[in-house]
Amino acid sequence: MRLVTVGVAGSFPGPASPASAYLLQAHDGEREWNVLLDLGNGGLGALQRHVDPLDLDAVALSHLHPDHCADLSGLYVYLRYHPERGGTRTGVGRKLPVLGPAATPERAAAMYGLAPGESMAGEYDFQAWQHGTPVRVGPFELEPFAVFHPVEAYGIRVTGPSSVRPGERATLVYSGDTDACDGLVAGARDADLFLCEAAFQEGRDDAVERGIHLTGRRAGEAAAAAGARSLLLTHLPVWSSPDVARAEARSVYDGPVEVAVAGGVHEL
């Protein structure tokens, strides 16, 4: 299983990265499968450096803030109007699985500006997450778990074939957006790679209400409590220092810690 950190910027695109978009790839012995975790502002453009969007097998959304789902609008255009493989050309809608919170169909239609009663069902097959209920996509198993954020929000535990341990399976856990909570620790238990947001900074953001974001320290505490084997910090806004986030995490977590960069590749 391979993780490509397509977009890693927190809350909005930065000068060096789109907002949240993470591509997972794995081969099942017959073909390569492509699953996208979130598709925030700017993510669709950068995604095309790594895969044709028409070759996506699913999009899994952690929640419906724009920095995690806004580019569903652009992807809809790509799937519908591509001059060779688009739905209007072939006469067959793509019906790409889009897994997410219950309100995803309505939010996606509203972002695109569809008239009341119109939907994107021709190109998207919307499926609502159920906490703790896994969804199978090719060689991947995706299990959502509820996290602590102002809107309906999920972390996603993904299990798939390991690309570094032949014949074994690897686990990646994506926090989505969350503050510290028991569900995050349980969801990240024994993860090979914990892809965890760290948008806030200790001291600087203490006055912000809880339930918004983690700091590097709180991400490290969650990784340590979960027994995660490695920690990859992400979702840092442009005013946050990667060095500070990394140092905060390392102060409480003994495993390997990195900060995600746009276009990074991680083999599990």
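Residues are numbered from 1 along each chain as its sequence is written, and side-chain values rest on heavy atoms, with hydrogens and water left out. Because the model is predicted, local features need pLDDT of at least 70 and side-chain atom pairs count only at pLDDT 80 or more, whereas totals for chains, interfaces and linings use all residues.

**View 1. Asp179 and its setting in a loop.** Asp179 sits in the loop between the strand β10 (169-174) and the helix α6 (182-187), where helices (H or I, at least four residues) and strands (E, at least two) are DSSP runs numbered from the N terminus. Asp179 counts as buried because its relative accessibility is 1%, buried meaning under 20% relative accessible area with a 1.4 Å probe and protein chains only.

**View 2. Polar partners of the Asp179 side chain.** The side chains of Asp179 and Arg218 are joined by a polar contact of 2.9 Å, that is, a pair of N or O atoms within 3.5 Å, of which one must be able to donate a hydrogen and the other to accept it, while residues adjacent in sequence count only if both atoms are side-chain atoms. A polar atom of the Asp179 side chain also lies 3.0 Å from the backbone nitrogen of Gly211.

**View 3. The annotated domain, residues 34-235.** UniProt, in an unreviewed entry, lists these residues as "domain: Metallo-beta-lactamase", and such annotations may be inferred rather than shown by experiment. Over residues 34-235 the chain is 24% helix and 26% strand, with the end C-alpha atoms 21 Å apart.

Notes. Buried < 20%, exposed > 50% of the residue type's maximum accessible area, 1.4 Å probe, protein only.
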